[in-house]
Amino acid sequence: MKKLQVLGPGCPKCTELAKRTAEAAKALGGDYEVEKVSELSKIMAFGIFTTPALVVDGEVKVVGQVPSVDEIKKMIG
Amino acid sequence: MHNEPSPEPMVAAKIATDATEAPVNLIAKMKATIADLSARQILMLIFLGLSLLAWYPIYSRLDPFSRWAAYDVFRIAPGTHLGDAVSFFFLDIPKVFMLLILVIFGVGILRSFFNPERTRTILAGKRELLGDVLAALLGVVTPFCSCSAVPLFIGFVEAGIPIGVTFAFLISAPMVNEIALVLLFGLFGWRIALIYMSMGLLIAILTGIIIGRLNMEHQVEDWVYEIRMGQTPAQLQELSWMGRVDYGIYQVKEIVGRVWLYIVLGIGAGAAIHGYVPEGFMASIMGKQAWWSVPAAVVLGAPLYSNAAGIIPVVQALLEKGAALGTVLAFMMSIIALSFPEVVILRKVLKPKLIAVFVGVVALGIIMVGFLFNAIM
């Protein structure tokens with residue numbers, strides 16, 4: 001099972017990334033766990049400070065951008 | 001059409017990479033890069049190249065186009081109020097959008113070399129004065145949105161970057177941005193764009209120095225010092241050239257999507273002022289002799305936010321009708337550098353006293369720039 005974490009304190013872009021990530025995971029139909037991380041200290045523990053960010057199995061894949069659903073599929077597939 | 005890269009160059013690339021001679025290596029690397037591109041990416045690059053070639057010929061013909069649109073297509077008589085307003089609108093809309101797309105793409109490529117994480121590394125361990133100057137300059141090229149001001153602030157503090165240096169960055173990043181510069185360049189010319197940029201940098205650097213001298217480290221909320229940041233992931237630092245082009249295109253879509261409505265509304269309002277407000281009308285309110293107009297412009301500008309894109313065309317029309325340049329610059333800077341939402345966001349990490357110092361010093365700096373320009377121009 002893959003663990004997907006969407007990091008963001010709740011800005012509009014963060015919500016959009018969370019939505020697209022959920023969509024991508026659903027389309028791929030694999031075993032995914034999607035988690036939203038909004039607590040600042042947890043976000044910063046990943047060593048980044050531009051949000052939104054996408055983390056796949058502990059590895060930071062996207063920072064400060066909202067990629068398309070297709071791009072997210074590639075990252076989590 | 002090759003939809004898939006043919007296998008030969010890939011093999012050639014592999015063999016050549018193993019070879020020790022440097023020139024062969026370079027050519028092989030280029031071959032490998034080209035072989036890695038998909039048909040869609042190649043089409044996109046060709047399209048990009050053609051757009052760049054066509055840009056200037058179109059841009060230089062916008063003036064006759066605007067007159068043609070207003071006087072021939074809409075059949076409005078030249079010299080009337082409506083005719084002036086409509087031709088102004090048709091000149092400024094394509095002009096601003098063409099400049100915006102080109103510059104954001106270029107700046108996007110440039111910015112793909114920078115990120116806040118890397119900027120932090122550069123600033124960490126720099127002496128105060130040098131740090132202030134570097135921070136203000138990096139603020140121009142580092143991608144930044146005021147919604148990540150808080151994590152950025154914490155990240156800088158944690159790396160031991162002095163608070164003054166952090167402020168120099170936080171002031172310069174939103175104030176000297178490509179949208180403001182493009183609009184100023186397109187509507188006012190390069191001189192005013194350059195003046196705006198250097199004054200913005202100067203205010204950022206001076207505020208950084210002043211806040212640094214005031215020793216305000218204890219005016220940061222205590223919880224900020226307790227956060228422990230993780231190691232910055234290494235792969236964030238590397239992007240391929242194709243990735244940079246993609247990033248530039250992404251930036252254009254994102255920024256133009258966010259500001260286009262403000263620009264259209266702003267140019268619309270500017271066009272109306274251009275056509276209908278009598279010459280010299282603004283001189284009495286925003287002219288040089290009205291000294292109080294500079295502080296008034298700063299106070300009025302502070303609560304307005306993110307409408308910089310819409311305000312600049314209005315400001316251009318005001319300038320034309322007799323408003324003084326210093327007053328107009330002060331108004332613009334205050335809108336962009338001092339914003340109510342950003343102050344609210346920063347309140348999470350700063351105690352009220354430091355917030356007050358920040359707003360006070362920046363406002364004073366802007367007022368001084370306003371007076372200075374009214375005096376010398």
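This is a predicted model: local features need pLDDT of at least 70, side-chain atom pairs count only at pLDDT 80 or more; totals for chains, interfaces and linings use all residues.

Me: What volume does the second largest pocket have, then?
Reply: Its lining takes in 14 residues, and Phe47(B), Leu48(B), Ser51(B), Ile101(B) and Val252(B) are the closest to the centre. As for the space itself, the second largest pocket comes to about 370 Å³.

Me: Which element gives the most residues to that lining?
Reply: Three elements of chain B give two or more residues each: helix H3 (39-59), helix H5 (81-111) and helix H12 (241-276). By class, the lining of this pocket holds 12 nonpolar, one polar and one charged residues. The top contributor, with six residues, is H3(B).

Me: How many helices does chain B have?
Reply: Let's take the chain as a whole. Of its 377 residues, 51% count as buried, and its accessible surface is about 18500 Å², with 70% of that belonging to carbon and sulfur atoms. Chain B has zero strands, and its helices number 18.

Me: Over in chain A, is Thr21(A) buried or exposed?
Reply: Thr21(A) sits in helix H1 (residues 12-28) of chain A. Beyond its neighbours within four places in sequence, Thr21(A) contacts Leu4(A), Val6(A), Leu54(A) and Ile72(A). The cut-off for buried is under 20% relative accessible area. Thr21(A) has 0% relative accessibility, so it counts as buried.

Notes. Residues are numbered from 1 along each chain as its sequence is written. Chains are lettered from A and ligands numbered from 1 in the order in which they are written. Side-chain values use heavy atoms; hydrogens and water are left out. On a 1 Å grid over the protein atoms alone, a cavity is a set of points where a 1.4 Å probe fits but cannot get out, and a pocket is an open set with protein on both sides within 12 Å along at least five of seven lines; lining residues have an atom within 4 Å of a point. Grid points are joined across faces, edges and corners, and a volume is the space filled by probe spheres set on the points. Helices (H or I, at least four residues) and strands (E, at least two) are DSSP runs, numbered from the N terminus. Ala, Val, Leu, Ile, Met, Phe, Trp, Tyr, Cys and Pro count as nonpolar, Asp, Glu, Lys and Arg as charged, and the others, Gly among them, as polar. Buried means under 20% relative accessible area, exposed over 50%, partly exposed in between (1.4 Å probe, protein chains only). Accessible areas come from the Shrake-Rupley method with a 1.4 Å probe; for residues, only the protein chains shown count as cover. Contact means heavy atoms within 4.5 Å.
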